[in-house]
There are 2 protein chains.
Amino acid sequence: MKVFLIGANGQVGKYIVNLLQNSDEHTVKAMVRSEQQAEALKQTEVVTVVANLESSVDELAKAMEGCDAVIFSAGSGGKTGPDKTLLVDLDGAVKSMEAAEKARVKRYVMVSAFQAHNRESWMDSPIKPYMVAKHYADRMLISSQLNYTIVRPGGLTNEPGTGNVKLEENLQRGSIPREDVAKTVVASLNEEKTFRRSFDLMSGDTPIKEALKNI
Amino acid sequence: MKVFLIGANGQVGKYIVNLLQNSDEHTVKAMVRSEQQAEALKQTEVVTVVANLESSVDELAKAMEGCDAVIFSAGSGGKTGPDKTLLVDLDGAVKSMEAAEKARVKRYVMVSAFQAHNRESWMDSPIKPYMVAKHYADRMLISSQLNYTIVRPGGLTNEPGTGNVKLEENLQRGSIPREDVAKTVVASLNEEKTFRRSFDLMSGDTPIKEALKNI
C-alpha cells in the first residue's frame, strides 16, 4: 500500500515513517507542515508533501491523491491549547477523512486515545477537552464510508518496543511503548480482522500480528 | 408541547422562557445550573430543574423525562475559553441529544450559529474553535434519530423584535434581534415544514410563521 501519513513528525509518527520506509509491502508519503520539515525527511529519502490540517479539504485531498491508505497520527496531545485541539484533533482529523473520501483513499487508520469511546472514563480527566475532540473525531470516522481502524493506545512511553501487546474493545489503563503503537498501526493496514473495528491497546504477551488476527 | 429548555438563563433563552410561559400550546421546564438560578425563575412561576451539561447523559435524561421537545439555546458564545466550548457547546450538546433519545423526547430544536454547516465561511473567523464545536454538534444531531430543526441566526442584537425574518439554507451575513430568534425557535416547534431541516436566519420582510411554512 501507498500510505499517506499525517503526523510524520510526531513521536509515534517517526516510528511509523521508519517502519513503512523499511517495509516490503508499503511505501510512505509523509505530510509535513513546512518546507523545513520536508527537507529534513528528504535527507532520509522519505517522500513528503507539505500540507496543513488547518487548510481546506480540497488541498488535503490533492495531497493524498494516488494513495491507498491514510494513517492519522497527528495530535496536539492535550498539551497545546484547547483551541488547537478543536482545530487539529477534531476538525483537522475530520477534514482528512473527507479528503480521503474525495481522493478515493479507502483505508484509514486512526491513532486515537485510550477509552476515547467511553465518555464515563474521562469525565474527570485533566485532558477532558482533548478526549472530547478525539471522541468526536472517532465517531465521525465510524459514520464515514471509510474502511477504518481506530487504535486507542494507553499511556505512551519511550521504552523500546517488545513487539507484544494486548488489544481489546475495553482494557484497564496501562502503558505501551510508542514503538509498539507504530508497529500495531502498520500491521493493521492489511489485517482484515481490524477493518471497521476499534480497540484499546496496551503492552501485553501476544505478538502484534497474532493479537490483531484474534481481535 | 412540554418543552425542556437548555440555556434558560441565556440572552435568547430568557425570551424563549417568556414565550413558552405565555403560550397556549406549550409549557416550559427550564434547566438551570444552580439552585440560585432556579429560585429566581420560580419567582416567575417557571418550572425549573437543576442540571448541568457537564454531567452525565443519564442525569440529563432524567431531567427531561416526560417532555415532548428539547430546545438547546445554551452556549459559551465564543467568549469563554475553548475548553468550555468543547465541553459545553459540543459534548454538552451531544449529551443532551443522547439524553433526549434515552428519555424518548422526539423533537429537538437547536440554536446554532450562522453558516455553522459551511466550513469555508469560517476558515478565518476569530471564533473558529466555537464554530467547529457548533458544526460538529449540528452534524451529530443530523445523524441522530431525533426530529430536529437547526436554526442558524446571524449577528444577534438586543433591538426589539420585528416579527419579520428571512430564512434559507444559505444567506448573506446580517443581523437579527434575539427576540426574533426566540420567536422563530418557538414557532418552529410544531411547524412540520421545519422537521429535519436546517436554515440560516436573519431579519427580513416575512412574518415568522409564514417564513417557516415556506421554507
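How many residues of chain A are in contact with how many residues of chain B? It's 25 residues of chain A with 25 residues of chain B, where contact means heavy atoms within 4.5 Å. The legends below walk through that interface and then the sheets and helices.

This is a predicted model, in which local features need pLDDT of at least 70, side-chain atom pairs count only at pLDDT 80 or more, and totals for chains, interfaces and linings use all residues. Residues are numbered from 1 along each chain as its sequence is written, chains are lettered from A and ligands numbered from 1 in the order in which they are written, and side-chain values use heavy atoms, with hydrogens and water left out.

**View 1. Here is where chain A and chain B meet.** About 2,100 Å² is buried between the two chains, and carbon and sulfur atoms give 67% of that. Buried area here is the accessible area (1.4 Å probe) that two parts lose on being put together, summed over both. On the chain A side, look for L86(A), R119(A) and Y136(A): they lose the most area to chain B, together 26% of what that side buries.

**View 2. Charged and polar pairs cross the interface.** Six salt bridges are counted between chain A and chain B; the rule asks for a side-chain nitrogen of Lys or Arg within 4 Å of a carboxyl oxygen of Asp or Glu. One of them joins E98(B) to R139(A), with the closest N and O atoms 2.8 Å apart.
In chain A, α4 (82-102) and α5 (128-142) each supply at least two residues of the side that touches chain B, and α4(A) gives the largest share, ten residues. Helices (H or I, at least four residues) and strands (E, at least two) are DSSP runs, numbered from the N terminus.

**View 3. Chain A holds an open sheet of nine strands.** Their order is β3-β2-β1-β4-β5-β6-β10-β8-β11, with mixed pairing; two strands pair if DSSP finds at least two bridges between them. At the edges, β3 (47-50) and β11 (206-207) of chain A each pair on one side only. Strands β1 (residues 2-6) and β4 (residues 69-72) of chain A run parallel, joined by four bridges, and L5(A) has I71(A) as its bridge partner in β4(A).

**View 4. In chain B, helices pack on the sheet and lie across its strands.** Strands β5 (residues 107-111) and β6 (residues 147-153) of chain B pair in the parallel sense over five bridges, with Y108(B) opposite Y148(B) in β6(B). Helix α5 (residues 128-142) of chain B touches β4 (69-72), β5, β6 and β10 (197-203) of chain B, and its direction makes about 165° with that of β5(B). Axes are lines fitted to C-alpha atoms, for helices over the stretch in contact, and angles run from 0 to 180 degrees between N-to-C directions.

How values were computed. A polar contact is a pair of N or O atoms within 3.5 Å; within protein, one must be able to donate a hydrogen and the other to accept it, and residues adjacent in sequence count only if both atoms are side-chain atoms.
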